Amino acid sequence: MNLRTVPSVAVKIDLIDIINTFKAYNKNIYYVFKENLKSYFNYDKCIIFPKARLGLTNLLKVLSINSLRDEVVIPAYTCPTVLYSVVYSGLKPIFVDIDLDDFNISFEKTIEIVNSNTLAVVAVNMFGKRAKIEILKNYLKQRGIFLIEDAAQSAGKMNNNENADFLLLSFGRAKNFSAIEGGAVLSSNRKIMSLLNNNLNNYSKITINRKLLLILKLFIYPFAVNPYIYNIIKRIPHKENIIDIINSCSGFNFSLIQSALGNVLLSKLDELNKIRIRNAIKIYDFLKNNKNYYLQSPINNVYLRFALVCKQINKNGFLIEKLNKFGINATTANFPVLSNLYIKNNIRKFPNSIFVSSNILTLPTHSYLKNEDIKKIKYVLCISK
Ligand SMILES: Cc1ncc(COP(=O)(O)O)c(C=O)c1O
């Protein structure tokens with residue numbers, strides 16, 4: 001029996017980070033965190049929301065004011081909250097298939113679909129790999145279409161610093177860095193950002209219970225992702241159901257304790273990502289010439305997870321089971337083909353999204369992954385039959 005299981009995603013929070021969070025806690029920390037986000041991600045304005053999905057919903061609502069355009073293009077394969085944000089904003093989602101070289105929205109298929117009704121394109125950076133932001137930006141700008149880069153899964157420095165019109169970040173637990181929960185929209189478009197700021201009044205004031213819960217989570221989280229403790233926790237049955245996602249479309253204002261933690265972990269983000277990239281490159285090196293898998297390239301990739309798609313149908317379930325037996329929490333990441341959730345739009349087909357959604361497997365890359373775990377991954381993916 002395994003004594004440890006490496007969780008699929010984790011942000012390593014050390015005791016010193018908790019101490020620093022309490023040290024940084026003061027009434028200005030919310031503004032300090034915003035300033036640091038702006039300077040790290042190189043945008044002029046930043047608005048923090050209770051969750052990234054709420055940031056996206058509100059942003060889309062604001063963009064649609066005074067516009068006759070009502071369509072938002074999104075990848076057919078990504079996190080379902082992106083679809084719900086579009087639906088809750090009252091706009092119409094238009095799905096586009098993904099590419100097999102990065103598992104992100106296809107540029108060629110995006111330009112086939114955008115038209116004078118397209119308000120915005122949401123390009124999601126899946127698993128840490130940046131979408132083709134530069135070419136999308138040039139093309140969309142000429143047509144008056146906003147480009148929103150969803151970096152919920154890819155917070156970090158990229159080689160290419162071309163900014164989209166808007167950047168979406170998530171500070172959820174399973175992201176590159178965390179503030180327990182929360183999200184932000186960044187942009188240099190002052191007019192839209194000032195309208196967006198007015199929407200912050202919609203959320204509940206932080207209560208004492210909420211504060212205590214956040215502090216409790218802050219203390220529990222570092223233990224929960226520790227492979228020895230996670231090995232026990234993962235046996236407790238739980239399922240995330242879709243209703244939770246919908247219900248969580250309301251929320252509390254972002255608190256000072258979250259700002260303090262977010263700020264501490266933002267200052268460690270490069271270090272955390274460096275470890276993720278180092279681990280991922282070790283896996284990439286032994287898989288890059290393997291004809292059995294599609295991989296994302298390491299360029300502009302901060303590897304929240306190492307994602308690979310098995311060319312052999314239904315092989316991923318077998319590999320996931322085997323990796324789990326070795327104490328590596330490999331998963332499919334559970335992202336469905338979104339057009340299947342949105343019934344009105346299931347006429348067009350998205351072959352790459354269907355293929356990736358059914359045959360993907362994702363591996364941990366974070367600081368708890370050791371060289372001995374990488375050897376086990378190599379054994380399961382390359383050697384064992
Ligand atoms: C690509 C993407 N966008 C948006 C979100 C929503 O983030 P949040 O949970 O902060 O609302 C997620 C969350 O998992 C995500 O993966």
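Predicted model: local features only at pLDDT ≥ 70, side-chain atom pairs only at ≥ 80, totals over all residues.
Reader: How many helices and strands does the chain have, and what makes a run a helix or a strand?
Author: There are 15 helices and ten strands in the chain. Both are DSSP runs numbered from the N terminus: a helix is H or I with at least four residues, a strand is E with at least two.

Reader: How do you know whether the radius of gyration agrees with a compact globule?
Author: The radius of gyration is taken over C-alpha atoms, and the globule rule is 2.2 Å times the number of residues to the power 0.38. For 385 residues a compact globule would come near 21 Å, and the chain has 20 Å, so the value agrees. The C-alpha trace spans about 60 × 50 × 40 Å along its principal axes.

Reader: Why is Ser 89 called buried?
Author: A residue is buried if 20 or more other C-beta atoms lie within 10 Å of its own, exposed if 12 or fewer, and partly exposed in between, with C-beta atoms placed from the backbone. Ser 89 has 22 C-beta neighbours inside 10 Å, so Ser 89 counts as buried. Ser 89 lies in the loop between helix 4 and strand 3. In the chain, buried residues make up 47% of the 385 residues.

Reader: Is Glu 108 buried or exposed, and what makes it so?
Author: Glu 108 has 11 C-beta neighbours inside 10 Å and therefore counts as exposed. Glu 108 belongs to helix 5 (residues 107-113).

Reader: Which residues does Ser 89 touch, and what makes a contact?
Author: Two residues are in contact if their C-beta atoms, placed from the backbone, lie within 7 Å. Leaving out residues up to four places away in sequence, Ser 89 touches Thr 57, Leu 60, Lys 61 and Ser 64. Leu 54 is 35 residues from Ser 89 along the chain, and their C-alpha atoms are separated by 9.6 Å. Of the contacts in the chain between residues at least 6 apart in sequence, 73% join residues at least 24 apart.

Reader: What makes two strands a pair, and how many bridges join strand 1 and strand 7?
Author: Two strands pair if DSSP finds at least two bridges between them. Strand 1 and strand 7 have five bridges and pair in the antiparallel sense. Within this pairing, Phe 49 stands opposite Gly 183 in strand 7. Strand 6 and strand 7 also pair in the antiparallel sense, over five bridges, and Leu 167 stands opposite Leu 186 in strand 7. Strand 5 (residues 146-150) and strand 6 (residues 166-170) are parallel, with three bridges.

Reader: What is the order of the seven strands in the open sheet, and which are the edge strands?
Author: The order is 1-7-6-5-4-2-3, with mixed pairing. Strand 1 (45-49) and strand 3 (92-96) are the edge strands, since each pairs on one side only. From one strand to the next the twist averages 20 degrees. Helix 7 (residues 190-198) packs on the sheet, touches strand 1 and strand 7 (183-187), and makes about 25 degrees with the direction of strand 1. Such axes are lines fitted to C-alpha atoms, for helices over the stretch in contact, and angles run from 0 to 180 degrees between N-to-C directions.

Reader: How do you know that both faces of strand 7 are covered?
Author: Gly 183, Val 185 and Ser 187 on one side and Ala 184 and Leu 186 on the other are all buried. In a regular strand the side chains alternate between the two faces of the sheet.

Reader: Which strands form the open sheet of three, and which are at its edges?
Author: The order is 8-9-10, with antiparallel pairing. Strand 8 (293-295) and strand 10 (360-363) each pair on one side only and are the edge strands. Strand 9 (residues 306-310) and strand 10 share four bridges, and Ala 307 stands opposite Thr 362 in strand 10.

Conventions:
Residues numbered from 1 in each chain as written.
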